[in-house]
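This briefing walks through a protein structure one topic at a time. Please keep the sequence and the 3D view open while you read.

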Amino acid sequence: MSDSAREQAAQTPEIAAEPGWLKDKWARFLDSDIYYSFKRSPVTIVAFTLVVLLMLGALVGPWIAPQNPHDPAQLNLMDGFTAPFAENQFTGNFYLLGTDDQGRDLFSAILYGLRISLIVGIVSVLFAGVLGVTLGLVAGFFGGWIDTLIMRIADIQLTFPSILIAMLIYGVARGLVPVDMRDEAAIYILIVSIGLSEWVQFARTVRGATLVEREKEYVQAARLIGLGRGPIMLRHVLPNVMGPVLVIATIGLALAIIAEATLSFLGVGAPPTQPSLGTLIRIGQDFLFSGEWWIILFPSMTLLVLALSVNLLGDWLRDVLNPKLR
Amino acid sequence: MLAFIIRRVGQAVIVLFTVGLVAFAIFRFMGDPVENMLGQEATVADRAALIERLGLNDPIPIQYLRFVGGALQGEFGISYRLGRPVSELIVERLPATLELAMVSALFALAFGVMLGVYTGIRRDGFLANVIMSSSLIGVSLPTFLIGILLIWIFAVEFGWLPSFGRGETVTLFGFWESVLFTVSGLKSLILPAITLGLYQMTLIMRLVRSEMLEVLRTDYIRFARARGLRRQAIYFTHALKNTLVPVITVTGLQLGSIIAFAIITETVFQWPGVGLLFINAISFVDIPVMAAYLLLVGAVFVTINLIVDLLYFAIDPRVRFDSPGKGA
């Protein structure tokens, strides 16, 4: 059989199977180790369901929330301090999770806050991931002084806890932004500071994996057929180092969500005009002493459930993708 | 040995130099120090005089050297927000943070080792499983939530312990305001110390547990059992001792984290330490305080890392002989 005939024979069934491509992938997924392990771990199923629910809640929040908590026109001061699961004693209005001092529905505030928390968390992990993977790939693939430079910076940064780095970058970035724009820019500053504080993990892992992959035969083969360094890195090495990256990204998401909440709680994060879960907890702390426990409890629970579920997912993923544990 | 120490100290100096450079860049290029120090009615001549006095026209490397020289003598400039020398502010607040950090670290070490040994020995026990599961929650719980939870339970509901501040202090050596010698001081130290140390405690506990499990599986422990040694002797003298090298490393490295996370605990409990000073500096873009804190924390971290590395070297002979090209 000539080469072209063989190629055609190989291609024909693929074309025929084109409509069933997605189905095929799905069947392969159902048959995979990952799904098998997922099915057998009830904790992971619960964690996954919770994460999906919270993400959905954040996604459709503005449409399912009973009110827009940041529109003063929709707030009724008479509804202030309504207890959860009960009607307000003056107006008779019902709020599922109660209201704060200004009559703001907590359920709506949490949905909106969850949005900010998740957006900041996800985007900063993406940022850290792209930056870290790129630098790690470059460092591992090229070696030499560029490797030394990147890894020295990583080492120095790793000397300090990431939350401290994030605070510092936040402070510096805040100083660089004009005073009247600080509130609008706060979310972006937050993303940049958390992203820059977490890239090291990605870079170190990817560098290590790249050093191993670089010496393998398929890379030599790719070199032999005359591929440039760029395509080899992107098309051949990168896909093979992505497994651990997924694990780091998941655990990193939990860390980023907690970092964001911490910064916002400390008052150096999301601005009061766009409160995240951390900001809500910060506000709620004032009412803890006067007995309005629900203002702080529900945002804290949401944050805890979110962080814990993402963490559990990350742990599970790490175990599944670790060949030593199979 | 000497080569190892020299290389390690060299690395520390490079890190410190970089941190100093960052601190200097923040100090010099962020915002306009002249603008911040002069009022709005300052004339051009005033400006020029101040620029001359601060030496802002000198070449940058000379300014950097002057900055480092000043920092070494405890000169960090004047806080924009409070209008007082930064060094004075830090000296005033450092004892509070150090006491908190030390007590937290001791708490974490003592309870971490204890619980770690227990969960390691009673691997499948009910209580050990409860401890292990709750430690997972403890790790996922952000520091500030732990603090709030403790305040809620022990300060608001039961009213046993104060929820903020340091209580009464005793002045030692003329400047060190200590809470360790008054009842109200000690009481107000309990909640922040637990909040700050809890994460490190779970970390040490898990580490001790996994190390114990590993060590208990080894032949020499089996041999000790066969010899009929008492169980306490096996667990504590033979097993625990051999788990301590990584424990010391982790505890040492975590000491730095404790000082950094003190920022959060101090905010929750309004504990008047350097962390609270730093957070306020960030909110108000008080650059001299930020730069000074960075230098201070940088120095603390580098010193701790250096000491831990050298200790490791002293404790674990493998580090000494594994490194190629030199003997002990």
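Among contacts in chain B between residues at least 6 apart in sequence, what percentage join residues at least 24 apart? The model shown here is a predicted one, and in chain B 69% of those contacts join residues at least 24 apart. For chain A the corresponding value, again among contacts between residues at least 6 apart in sequence, is 70%.

**The two chains**

- Chain B has 328 residues, of which buried residues make up 45%, and its secondary structure consists of 13 helices and 2 strands.
- Chain A has 326 residues, with 47% of them buried, and there are likewise 13 helices and 2 strands in this chain.

**Layout of chain B**

- If you follow the C-alpha trace of chain B along its principal axes, you will find that the trace spans about 90 × 65 × 35 Å.
- Chain B is divided into two parts, with domain 1 covering residues 2–72 and domain 2 covering residues 93–283.
- The centres of domain 1 of chain B and domain 2 of chain B, when taken over C-alpha atoms, are separated by 37 Å.

**How much of each chain takes part in the interface**

- The size of an interface is often expressed as the accessible area that is lost when the parts come together.
- Between chain B and chain A the buried area is about 3200 Å², and carbon and sulfur atoms give 84% of that area.
- Three residues, Ser140(B), Phe144(B) and Trp152(B), together supply 18% of the area that chain B buries against chain A, which is more than any other three residues supply.
- In terms of residues, the contact draws 36 from chain B and 37 from chain A.

**What the interface is made of**

- On the side of chain B that touches chain A, at least two residues each come from helix 1 (2–29), helix 6 (126–140), helix 7 (143–157), helix 10 (231–269), helix 11 (274–283) and helix 12 (287–315) of chain B.
- When the residues on that side of chain B are sorted by type, 28 are nonpolar and 8 are polar, while none is charged.

Notes: Residues are numbered from 1 along each chain as its sequence is written. Chains are lettered from A and ligands numbered from 1 in the order in which they are written. This is a predicted model: local features need pLDDT of at least 70, side-chain atom pairs count only at pLDDT 80 or more; totals for chains, interfaces and linings use all residues. Side-chain values use heavy atoms; hydrogens and water are left out. Contact means heavy atoms within 4.5 Å. Buried area is the accessible area (1.4 Å probe) that two parts lose on being put together, summed over both. Helices (H or I, at least four residues) and strands (E, at least two) are DSSP runs, numbered from the N terminus. Ala, Val, Leu, Ile, Met, Phe, Trp, Tyr, Cys and Pro count as nonpolar, Asp, Glu, Lys and Arg as charged, and the others, Gly among them, as polar. Domain bounds come from an automatic or database domain assignment. Buried means under 20% relative accessible area, exposed over 50%, partly exposed in between (1.4 Å probe, protein chains only).
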